[in-house]
Amino acid sequence: MGHGARTRRAALTAALLAVALTASLTAGCSGTGRDGEDGRAPRPTATPAPSRSAVAGSPLAVKIDNVRAARPHTGLGAADVVYVEQVEGGLSRLLAVYATRLPRTVGPVRSVRESDLELLRQFPLPTLAFSGAQRALLPLVDRAPLRARSPDEAPGAYHRGTGRAAPHNLYLRPAALLPAAPGRAALTTGFSYGPAPSGGTPVSARTVRYPAARLTFTWSAGRGGWLIAMDGEPAVTTDSGRPAPATVVVQYVRIRTSQYHDALGNRTPYTETVGSGRAEVLRDGRSFAGFWSRPAATDGTAFTTADGGRLDFAPGQVWVVLLPAP
């Protein structure tokens, strides 16, 4: 090959790499500009579908966007448990778990994080719906004991909404992934439900903060739950009004820097949910101080009072805010 041909080939290769890099950064900066989305990558092969009985006995977990441009949400009211997690830039993202009901639509759906894989080990073969992942994380997702169902594996389960811009407009039809809601037995969270323990402190509202996000939970006796505000604005859904979880848990955990980063170079936080620590449980208009314990990833999380008794939750939806320990 002559010198001129080699030069033209090198120039073409550099140009293609520049185009690919520009596309990656554009995907990462879309939307608010603050939510540094990871570079999505197609999965090399689809995960084989398990038997119908295995699907029916496991819950559905959906990774949900939570920046301002992604609100209002759809389908949150039907979730049995909603986890709030810190992501890049000090923002928050949601992981909603469905076992007793499947809404018609859930979203907007966003990308998975390494912490989610550990958190979901408490369930036997859960179905995880997400929009993508950092390329280096995909092998971990493939090896995790779950049914990964992104648009690459199940394109017919997703659709783009027309009311907002990408990437905040991807929605899931849960019925396309699960034949039916698996039932309460699939909620192997370790949570216990029952009457409130004695004591507690009356509280009308509780605000929790991440570096770039905040949530306020305000007690509503009429709703029998906690009305949610996100970044100072009432949280609403398009299909069921304002969520009002009966129980809100502030779980203090260790949040460290992982080895992964988004397309802008922001390191992804890793939220450790195995271990033990302090917790605050809000129910019935009162706050109860206690502790949480999860000895292994395959275990659920148990909550106890300060004197070691069982800290029961109120029947109904539970929100768990995974907050950095002081």
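**Entry 1: the model**

I note that this is a predicted model, in which local features need pLDDT of at least 70 and side-chain atom pairs count only at pLDDT 80 or more, while totals for chains, interfaces and linings use all residues. Residues are numbered from 1 along each chain as its sequence is written, and side-chain values use heavy atoms, with hydrogens and water left out.

**Entry 2: the whole protein**

I find 4 helices and 18 strands in the protein. Both are DSSP runs numbered from the N terminus, helices being H or I of at least four residues and strands E of at least two. Of the 326 residues, 52% count as buried. The protein exposes about 13,800 Å², of which carbon and sulfur atoms supply 56%; the areas come from the Shrake-Rupley method with a 1.4 Å probe, and for residues only the protein chains shown count as cover. I also looked up contacts, meaning heavy atoms within 4.5 Å. Among contacts with a separation of 6 or more, residues 24 or more positions apart account for 65%.

**Entry 3: aromatic rings**

I find 6 aromatic pairs in the structure. Rings of Phe, Tyr and Trp (its six-membered ring) pair if their centres lie within 6.5 Å; planes under 30 degrees apart are stacked, over 60 edge-to-face, and the rest tilted. One of the pairs is that of Y193 and F313, which is edge-to-face at 6.0 Å centre to centre, with 90 degrees between the planes. This pair links distant parts of the chain, 120 residues apart: Y193 is in the loop between β7 (170–172) and β8 (201–202), and F313 is in the loop between β17 (302–305) and β18 (318–324). Ring pairs join F191, Y193, F303 and F313 into a cluster.

I followed F303 into its strand. The covered face of β17 holds F303 and T305, and the uncovered face holds A302 and T304. Strand β16 (residues 286–294) pairs with β17 in the antiparallel sense over 4 bridges; two strands pair if DSSP finds at least two bridges between them. F303 is the bridge partner of W292.

**Entry 4: charges over rings**

I looked for cases where NZ of Lys or CZ of Arg is within 6 Å of a ring centre and within 35 degrees of the ring normal. The charged end of R256 sits over the ring of Y270, 4.2 Å from its centre. R278 lies over the face of Y252, at 4.7 Å from the ring centre.

**Entry 5: T74**

What does the side chain of T74 make a polar contact with? I find the side chain of T238 as its partner, at 2.6 Å. A polar contact is a pair of N or O atoms within 3.5 Å; within protein, one must be able to donate a hydrogen and the other to accept it, and residues adjacent in sequence count only if both atoms are side-chain atoms. T74 lies in the loop between β1 (60–64) and β2 (81–86) and counts as buried at 10% relative accessibility. Leaving aside neighbours within four places in sequence, T74 is in contact with T105, V106, G107, Y171, T238 and D239.

P108 lies in the loop between β3 (92–98) and α3 (114–119). The peptide bond from A166 to P167 is also listed as cis, with omega near 10 degrees.

**Entry 6: an open sheet**

I find 4 strands in an open sheet, ordered β9-β10-β11-β12, with antiparallel pairing. The edge strands, β9 (205–210) and β12 (233–234), each pair on one side only. Strand β11 (residues 225–230) runs antiparallel to β12 and is joined to it by 2 bridges, and A229 stands opposite P234 in β12. D231, in the loop between β11 and β12, has a positive phi of about 55 degrees although it is not a glycine. D231 counts as buried, at 13% relative accessibility.

Key: Buried < 20%, exposed > 50% of the residue type's maximum accessible area, 1.4 Å probe, protein only.
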